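Hi there,

Here is the structure I promised to pass on. Have a look at it first, and my notes follow below.

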Amino acid sequence: MSIDISVDELKRKLASGDDFAIIDIREEGPFADWHIPGAVNLPVLLAMRMNDWAPLQAAAPQLPKKKPLVMVCNQGISSRKAAMVLQPMGFDVTSLAEGMNGWSGVHSEAPIDLPGTSDAVVVQVRRNAKGCLSYFIGSPTGGQSFVVDPSADVEAYLEINARMGYELTAVLETHVHADHVSRARELAEDANATLYLPANERVNFPYESVSDGDTIKVGDFKIEVIDTPGHTGESVTYLVNGKLALTGDTLFTDSVGRPDLEQGDEGAVEGAKMLYVSLHERLLKLDDKVIIAPAHTGAGIPFDGKAVCAPLSQVRTASELLDLDEEHFVPAIVDRIGAKPPSFTTIIEVNEGKRPVPSDPAELEVGPNRCAVG
Ligand SMILES: [Fe+2]
């Protein structure tokens, strides 16, 4: 039997609630940065790389012997060595093939109910490790579908589309992303769909430009474009049938978008001011019942089939930042801006079309999402 376990197999085990332990052998810093929910840290990676098994062997008596272990590192190489050290000691142990790099691409689906829109199919496609959220939306009566902010492999969306029997006619981006390689161009090309982006002077590939007040029709959906700059200059929100607000990285369910990834540290104050206006003049003026469905969440997402979204009535009270007036909001945002996402400048250049899309985007994308200020 192979000592490796695939990303899909681990995903299945987590989703079905199997009893096992995940032992992450990376050092404390990278582990604290991001890890698989429930993983225990045993920081022996540096020793394993030097072929020094002693720290692992010394820690082995503390590892659970009664349940299967899944060892995890960055790429699945040192964790495999660790599994091979532990196996002869009597442990039922496997190693996550491709490690956290492979885990970064794992995704799952969760349905969203739209009150009063019973014929719509709304699926949140989530990259559980990265916290990236995207949306597949289809209408049985219209027969057409569209995707917003695709961040998982394009196959994920094409497969849902084929399963549901729609014609995928539109791919929409809320903004130029900085924390993941956008799959929008590839998906639009593969599906022969129209690619919509907010009007901007950043990208150098062709797209259908939309701006405030525009309406996109897909089947019997009416998608209104609302300008919501701040996180980036071109950021928009898409309001679907007046009921579902796809807010990109402007408004999350418990926090707001950071304003410094496009404009830099020196542009953060100006960005925070724009964000304040977008929130208070636009999004917070929507109806309380509108579902806020963002492009990200800060934490890893469990395989629970529950969409990360909330009615605006709930989102209004979820972050104290939304209670502040502009004078206090702007410095609070700037003070709370955290570390920038790894490789974000390279990712932006890829998403602007100024660099080729890498053959393995996971290498650029590795690490947690850092688009929010909470
Ligand atoms: Fe973003």
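Val218 stands opposite Phe221 in β14. That pair is a handy place to start, as four bridges join β13 to strand β14 (residues 221-227), and the two run antiparallel. Please keep in mind that this is a predicted model.

Stepping back to the whole sheet, six strands form an open arrangement in the order β13-β14-β15-β16-β18-β19, with mixed pairing. Its edge strands are β13 (215-218) and β19, each of which pairs on one side only. In general, strands of a sheet pair through backbone hydrogen bonds, either parallel or antiparallel.

Further along the order come β15 and β16, which run antiparallel and are joined by three bridges. Here Val240 stands opposite Leu244 in β16. The two strands form a hairpin with three residues between them.

On its other pairing, strand β16 (residues 244-248) runs parallel to β18, with four bridges joining them. Leu244 turns up again, this time opposite Ile291 in β18, while Gly248 stands opposite Pro294 in β18. From β18 to strand β19 (residues 310-311) there are two bridges, and these strands run antiparallel. Ile292 stands opposite Ala310 in β19.

Are the five residues of β16 buried or exposed? Five of five are buried. Leu244, Leu246 and Gly248 lie on one side of β16 and Ala245 and Thr247 on the other, so with 20 or more other C-beta atoms within 10 Å as the criterion for a buried residue, both faces of this strand count as covered. Strand β18 (residues 291-294) is also covered on both faces: Ile291 and Ala293 are buried on one side, and Ile292 and Pro294 on the other.

Finally, which phi values might you want to look at? Most residues other than glycine have a negative phi. Asn241, which is not a glycine, has a positive phi of about 50°, and this residue sits in the loop between β15 (236-240) and β16. Asn241 counts as partly exposed because it has 16 C-beta neighbours inside 10 Å.

Glu98 has a positive phi too, near 75°. Its place is in the loop between β5 (93-96) and α6 (99-103). Glu98 is partly exposed because 18 other C-beta atoms lie within 10 Å.

Notes. Residues are numbered from 1 along each chain as its sequence is written. This is a predicted model: local features need pLDDT of at least 70, side-chain atom pairs count only at pLDDT 80 or more; totals for chains, interfaces and linings use all residues. A residue is buried if 20 or more other C-beta atoms lie within 10 Å of its own, exposed if 12 or fewer, and partly exposed in between; C-beta atoms are placed from the backbone. Two strands pair if DSSP finds at least two bridges between them.
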